[in-house]
Protein chains: 2
Amino acid sequence: MKVTIIGAAGMIGRKLAERIAASGQINGQSVDALTLVDVVTPEVAIDFTGKREAYAADLAQAGIASRVVADKPDVIVHLAAIVSGEAEADMAKGYRVNLDGTRALLEAIAAHEGYCPRVIYASSLAVFGAPFPDKIPDDYHLTPLTSYGAQKAMGEMLLNDYSRRGLLDGVGIRFPTICIRPGKPNKAASGFFSGILREPLNGQEAILPVDRDVRHWFASPRSAVGYIEHAATMDTAPLGAQRCMTMPGVSATVGDQIEALRAVAGDGAVALIRHEADATIANIVAGWPRDFDTARALEMGFRAENSFQEIIEIYLEDEMGQKTLNGA
Amino acid sequence: MKVTIIGAAGMIGRKLAERIAASGQINGQSVDALTLVDVVTPEVAIDFTGKREAYAADLAQAGIASRVVADKPDVIVHLAAIVSGEAEADMAKGYRVNLDGTRALLEAIAAHEGYCPRVIYASSLAVFGAPFPDKIPDDYHLTPLTSYGAQKAMGEMLLNDYSRRGLLDGVGIRFPTICIRPGKPNKAASGFFSGILREPLNGQEAILPVDRDVRHWFASPRSAVGYIEHAATMDTAPLGAQRCMTMPGVSATVGDQIEALRAVAGDGAVALIRHEADATIANIVAGWPRDFDTARALEMGFRAENSFQEIIEIYLEDEMGQKTLNGA
């Protein structure tokens, strides 16, 4: 099958491309063409024997979406988005990329009569807004409190409507906070969730800006790729008209994260975490969901880790190339 | 204050314009300018002493929304929409008018710095999709099953987001099915809810295409106007970031409707209703909501009728100019 990844230069897109290239398949289904698209030409070092292409494209520009779907990929993974902070700071840009770009893609697909590709849409926990119950159920209402969340919720509505009309075959994935993100620290408000683990695992100091009792919803980058692989090949008939789901994950407090780090890397690693309260970050994080009941996604076959220790071990395996930490 | 009604040629827009013109005010607040806009120039016979204007405009056309808000109305009532059946039959037209038109209006308002009008947005019960609980609560999730419902739900998201950002001061109104609609029978699937009462009240036969146990959610045209008047002058601070509400109404079965007709107009009127089952209409109506708990709107001061008999009596008063039916 032909697979196109839009937003392929991001962390999840890159890992997905690498995984498809390495195996030449998705869940046993052979992939013979892989196209990588992003606003900058994705430079993904992959060893792929099928037909490959990579180019820069901005879906929200006139005519671009038509080009992206011109070769009628069987699976289109739409990960491209302006992230939360930027969509809040630049309202026009957020709506242009997150809403108009998504709609342009769906319209370009619909314009091909008889073409009904699997479309995997990256949604977000930001479609939900406080106040929350302790455990958010699958049928919880969407009350986004950011422009990013509103744009993602509108994208879900579009995906459902176009799927209901048989114009495409959509699956919407609400990703947990992906942890441990590889690479350098970034300035996202959620950055510390990865930083307090990644930096100590690499022998460096990390700042913890919130209290240990802050609870949130996590999965590994490996699970993030796994959701997409499953969404690409699953039977979508049981989804009916509701194509979007919160993905399974691990509900963990910062304290749980730290104890998992201790179990994997010892007291020395934990000692590298320095608590430095940041009221701004604490306030932002206080509005985030803490726990989900993802019965629907589990029933549909989506999987994630069972503990935070597993999430750390996956980082060791996938990013540090070792099963356990040296010296731990 | 200056009031602009978009979609002023429709039944509710016309009644609202007539009521404002007759009293020169909304809820005690003096209206000194009234502008009526629709895709055709609204011809509303009103006797209004303030400044008045009426013109044809299509919000989704480039530059039109800017013209509509150029004189900075204090209150903008946005009733313009492609209705459910047409939005389903003509997908592009529905998205253009219901989504693009609404967004163009909100963007044109946002483009005026320091301008923050009250914007009253007509939403719909179609934002909800079956399966339903017997009584749908205020926090029920939006799972529209028509393109119209999806477009209205996206309009709600936009209204919330623009309001949260302080670019306008939105109130979204999910109207019950308005009953008894004056005028000729129409071909809407919901038309019989009015027809089985209106036609007999006027001495004519009516067809009932469904069973007597079909239950639905109703309010009078007078209540519809009342919601808008209240939304125009209410304190919106208690709404917070969630600007859209299901309006109070009367949950009634077709049997309840018929018994209310009997109480008001006697057995002779009821005898004019002929049951002629229509499986297509029965199927459509089976997917509609039956009852709501509208605690939030009630707390915010919105009101409707308390019984179906009241709804019929309002038709007699407002459309037939009499308090009770002659001869009943």
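This is a predicted model: local features need pLDDT of at least 70, side-chain atom pairs count only at pLDDT 80 or more; totals for chains, interfaces and linings use all residues.
**Relation of the two chains**

In the interface, 17 residues of chain A are in contact with 17 residues of chain B. On the side of chain A that touches chain B, eight residues are nonpolar, six are polar and three are charged. Because 100% of the interface residues of chain A are also interface residues in chain B, the copies meet through the same surface.

The largest nonpolar core contains 202 residues. The members that touch the most others are Ile5(A), Ile6(A), Ile173(A), Ile5(B), Ile6(B) and Ile173(B). Beyond its neighbours within four places in sequence, Ile5(B) is in contact with several residues, including Gly13(B), Leu36(B), Val37(B) and Leu79(B).

Strand β4 of chain B (residues 33–38) is mostly covered, with five of its six residues buried. The pairings of β4(B) are set out below.

| Strand paired with β4(B) | Sense | Bridges |
|---|---|---|
| β1(B), residues 2–6 | parallel | five bridges |
| β5(B), residues 51–56 | parallel | six bridges |

On the β5(B) side, Thr35(B) stands opposite Glu53(B).

**Helix α6 of chain B**

Helix α6 of chain B spans residues 191–201, and nine of its 11 residues are buried. Among them are Phe192(B), Phe193(B), Ile196(B), Leu197(B) and Arg198(B). The buried residues of α6(B) pack against the strands β9, β10, β11 and β14 and against the helices α8 and α11 of chain B. After α6(B) comes Gly203(B), which has a positive phi, near 75°.

**Arg67 of chain A**

Arg67(A) belongs to helix α2 of chain A, which covers residues 64–69. Arg67(A) counts as partly exposed because it has 14 C-beta neighbours inside 10 Å, a number that falls between the cut-offs of 12 or fewer for exposed and 20 or more for buried. Arg67(A) and Thr49(A) are 18 residues apart along the chain, and their C-alpha atoms are separated by 24 Å.

Key
Residues are numbered from 1 along each chain as its sequence is written. Chains are lettered from A and ligands numbered from 1 in the order in which they are written. A nonpolar core is a set of buried Ala, Val, Leu, Ile, Met, Phe, Trp, Tyr and Cys residues joined through C-beta atoms within 7 Å. Two residues are in contact if their C-beta atoms, placed from the backbone, lie within 7 Å. Helices (H or I, at least four residues) and strands (E, at least two) are DSSP runs, numbered from the N terminus. Ala, Val, Leu, Ile, Met, Phe, Trp, Tyr, Cys and Pro count as nonpolar, Asp, Glu, Lys and Arg as charged, and the others, Gly among them, as polar. Two strands pair if DSSP finds at least two bridges between them.
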